[in-house]
Amino acid sequence: MSITYLEAIREAQYEALRSDPNVFLYGQDISTFGGAFKATKNLSREFPGRVFDSPISEDAMIGMAVGAAIEGARPIIEMQFADFSSVGFNQIVNQAATLYWRTNTPCPITIRMPSGGTAGSGPFHSQSMESIYAHYPGIVILTPATVEDAYWMLLQSVKLNDPVIFCEHKFLYYHLKAEGFGDNLPIGKARIARPGRDATVVTYSAMLHEALKSAEELQMDGYQVEVVDLRSVKPMDTDTILASVSRTGRLLAVGEAFPWGGVTAEIIARVSSEAFHMLDAPPMRLNSKDTPIPYHPNLWKSHRPTTNSITAALRDLLRY
C-alpha cells in the first residue's frame, strides 16, 4: 500500500513518541483535532499526555520548547504554517540557536514548518522560510522532497542535539506517494536524483519534482540533465554539488523561495568561488518572483518556478 508524504510525517512522529519517552508534541489544535493538516491525527489517543494543544502564540510555543529542552525533553513543535514562525523568530534565532554556544546546554527541538505555496493560499500561508533561518548559526535546516526523507529525516531531527527547522512542503502532503520508506541517508548528504552529463540542476523540496519533469522533457531533445536534491539546506553538501558541476560544466540552481539572499544565491556563490574553472557557462538561478505571493491560482502558477520555466532556463544555459 502506498504512503503519502503527510502519512510519512505522521508515522515518524508516532515512532519518535514510541521510542523515546522524552519526546512530546506541541502545537495549535494538534491534540484532539489532529492539526490543520492532520499530521498528528490520532496521536493524542495513542500517546495520552504527550500531545498538547498550545496557545495561539508562536513566541510562547518556542519559548516553552527551549525550556523543556533544557530540562531534557525533545519537543516537536508544529507551526500551523511556516509563515507564522516569524512571530516566534526571536525565540528561534536568539534563544534556541545560541543556547549551546552560550551555556554548553544542548537544545534538541524540532520545529515542523508546513512550507511553500498552494493555489489560493496567498501571501500569509505560502512562504518558504528556509533561507531566513539558514542565515543564523546553530540551526539545522532540512527540506525533504520525498516520502522517504519526510520519514527518516524527521526521525533524525528528533535525535539531534541541535534545533532543527523541518520544512515540509504542503503541496507534497497528498500529491506525493511511495511504496515504503526506502533508504535512510544521513543529514547533510545530497542525493543525485537523476544522473546526467550536459547540465546540473541543484534544487530541493517541491522544486525537485518540477526539475525532474523538466529533465525528462529535455531528454527528448538529446540532453542529459543531472538533478541534485540538496535534502538539507544547512548543512549544505557542497562536495556533491561541485562533483556534479565538474561533470556537466553548467549549473542552474532552483528554489521556490524569494530570490534575494536565498539558498540559490548561496549555491552559486560556492560554485563560483570554489569551482569557477569547471564552468563552461555562467551559472544561473531560478526563484519565485520578488513580490508577495498572490492569491489567484493563475497568478500563483506564474509566480513560482514550474517545469516550463525550468526547461526554458535550461535551454538558455545549454546554448553556451
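Visitor: Leaving aside neighbours within four places in sequence, which residues is Asp83 in contact with?
Guide: This is a predicted model, in which local features need pLDDT of at least 70 and side-chain atom pairs count only at pLDDT 80 or more, while totals for chains, interfaces and linings use all residues. Residues are numbered from 1 along each chain as its sequence is written, and side-chain values use heavy atoms, with hydrogens and water left out. Contact means heavy atoms within 4.5 Å. By that criterion the partners of Asp83 are Pro123, Phe124, His125, Ser126, Gln127 and Met129.

Visitor: How far apart in space are Asp83 and Gln127, C-alpha to C-alpha?
Guide: Asp83 sits in the loop between β4 (74-78) and α4 (89-96); helices (H or I, at least four residues) and strands (E, at least two) are DSSP runs, numbered from the N terminus. In sequence, Asp83 and Gln127 are 44 residues apart. Their C-alpha to C-alpha separation in space is 5.7 Å.

Visitor: Is Asp83 buried or exposed?
Guide: Buried means under 20% relative accessible area, exposed over 50%, and partly exposed in between (1.4 Å probe, protein chains only). The relative accessible area of Asp83 is 5%, so Asp83 is buried.

Visitor: Is α3 roughly parallel or roughly antiparallel to α4?
Guide: Helix α3 (residues 58-70) packs with α4 at an angle of about 25 degrees, the axes being 7 Å apart. Axes are lines fitted to C-alpha atoms, for helices over the stretch in contact, and angles run from 0 to 180 degrees between N-to-C directions. Angles under 35 degrees count as roughly parallel, over 145 as roughly antiparallel, 65 to 115 as roughly perpendicular and the rest as oblique. Therefore α3 is, relative to α4, roughly parallel.
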